[in-house]
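Here is a short tour of one protein model, written to be read with the coordinates open beside it. Let's walk through it piece by piece.

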Amino acid sequence: MKGKVVIAGGTGFIGRYLADRFKRDAYTVVIVGRSGREVVPFQDKEALMHAVDGAEMVINLAGKPITSRFTEQNKKELIDSRIETTQAVGDAISSCSNKPRVWFNASGAHIYGTGDDVAHTEESPEDHCFFLAHMAAEWERAFFNYAYTGVRQIALRISIVLGENGGVLEPFVQLTKWCLGGTQGSGEQWFSWIHIDDFYRSLIFLNERAGFSGPVNLCSPHPVRNKELMRTLRQVLHRPIGLPAPAFAIRIGTSVMGIESDLILKSLYVHPARLQQEGFRFAYPDIRSALLEILS
């Protein structure tokens, strides 16, 4: 049996996948969440301390989902939920006797803003004028306020995660099956993504890199524009027709759905510079191979 992995926020799309993969690879997995059977609750400080004590990895993904309108109240709740759970994990690590070797804490690849002149690396300046960028910066600030001897802290600047049974891909697939999978808006906006299997493999890889800490972009080396994403989806799903959706229609539709149109119409354009410098090899580096694996 391998070491113990603690996944905070382990009941969501990404967390469920990671928990299953770690278990299959013979790790002991402990889930931390707000509620649920066999879940260590965030509010139980003693139980949380015992959970992280002696862990090989602690992975915090917890936070209110961003599938809501960015009203002032929702923005506060989105930020607070991330800071509060990060602080709960950080305080638990501070209190335990046998501190974990690595603490991975989620962040967002939107931290660089929405510019699309060049793909952003970990060295790129942050641009907090965009709400998701501001939220990611506040999240990382709470994370790096903690510092421990012998615990490597890695901020996961996560791009759009693609996988089965949930996540961002699901509505794109449904629209494509209904022959509505054309370009969205101008179609020129960048879409940075990572296959969920490469997400998992990157954690294993970084856990083994004894000198690695700080922020890391979790994304494929080959981002695509929206028009290429939708064209590839149509090809994989054998749908020759995909009606386009102009920006005004996207804004109306997302308003009805209660989500932000910026999640579709704004660019996310990042590059995994540090992962590649360390020698990480992506199993699914291009969008076609990723979609074929997920949807075939």
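## Two loop residues with positive phi

His238 sits in the loop that links α7 (226-236) and α8 (247-257). Please keep in mind that this is a predicted model. The phi angle of His238 is near 60 degrees, a positive value in a residue other than glycine. Is His238 buried or exposed? His238 has a relative accessible area of 66%, and because the cut-off for exposed is over 50%, His238 is exposed.

Asn165 also has a phi near 60 degrees, again positive in a residue that is not glycine. The loop that holds Asn165 runs between β7 (160-162) and α5 (169-177). With a relative accessibility of 67%, Asn165 counts as exposed.

## How α5 and α7 meet

Let's turn to a pair of helices. The axes of α5 and α7 come within 10 Å and cross at roughly 60 degrees. Why are the two helices called oblique? An angle of roughly 60 degrees falls between the limit for roughly parallel, under 35 degrees, and the range for roughly perpendicular, 65 to 115 degrees, so α5 and α7 are oblique to each other. Their crossing is right-handed.

Which residues make up this contact? From α5 come Leu169, Phe172, Val173 and Thr176, and they meet Leu229, Met230, Leu233 and Arg234 of α7. Sorted by class, the contact has 6 nonpolar residues, 1 polar and 1 charged.

## The sheet

Now for the strands. An open sheet is built from 7 strands, paired in parallel, and its order is β3-β2-β1-β4-β5-β6-β10. At its edges are β3 (40-41) and β10 (214-218), each of which pairs on one side only.

Strands β3 and β2 (residues 28-33) pair in the parallel sense over 2 bridges, and Val32 stands opposite Val40 of β3. On to the next pair: β1 and β2 run parallel and are joined by 5 bridges. Here Val32 of β2 is the bridge partner of Ala8. As for cover, 4 of the 5 residues of β1 are buried, leaving the strand mostly covered.

The C-alpha atoms of Thr28 and Lys4 are 4.6 Å apart in space, although 24 residues separate the two in sequence. At 34% relative accessibility, Thr28 counts as partly exposed.

## Helices on the sheet

Which strands does α1 lie across? Helix α1 (residues 13-24) lies across β1 (4-8), β2 and β4 (57-60), and runs at about 170 degrees to β1. Helix α6 (residues 196-207) packs on the sheet too, where it touches β4, β5 (102-108), β6 (152-158) and β10. The direction of α6 makes about 160 degrees with that of β6.

## A buried serine in a loop

One more loop residue is worth a look. Ser68 lies between β4 and α3 (72-95). Is Ser68 buried or exposed? Its relative accessibility is 11%, and because buried means under 20%, Ser68 counts as buried.

What does Ser68 touch, once its neighbours within four places in sequence are left aside? Ser68 is in contact with Asn74, Leu78, Gly258, Ile259 and Glu260.

Terms used: Residues numbered from 1 in each chain as written. Predicted model: local features only at pLDDT ≥ 70, side-chain atom pairs only at ≥ 80, totals over all residues. Heavy atoms only, no water. Pairing = 2+ DSSP bridges. Contact = heavy atoms within 4.5 Å. Axes fitted to C-alpha atoms, helices over the stretch in contact; angles between N-to-C directions. Buried < 20%, exposed > 50% of the residue type's maximum accessible area, 1.4 Å probe, protein only. Parallel < 35°, antiparallel > 145°, perpendicular 65-115°, else oblique. Left-handed = near helix turned anticlockwise from the far one by under 90°. Nonpolar A, V, L, I, M, F, W, Y, C, P; charged D, E, K, R; others polar.
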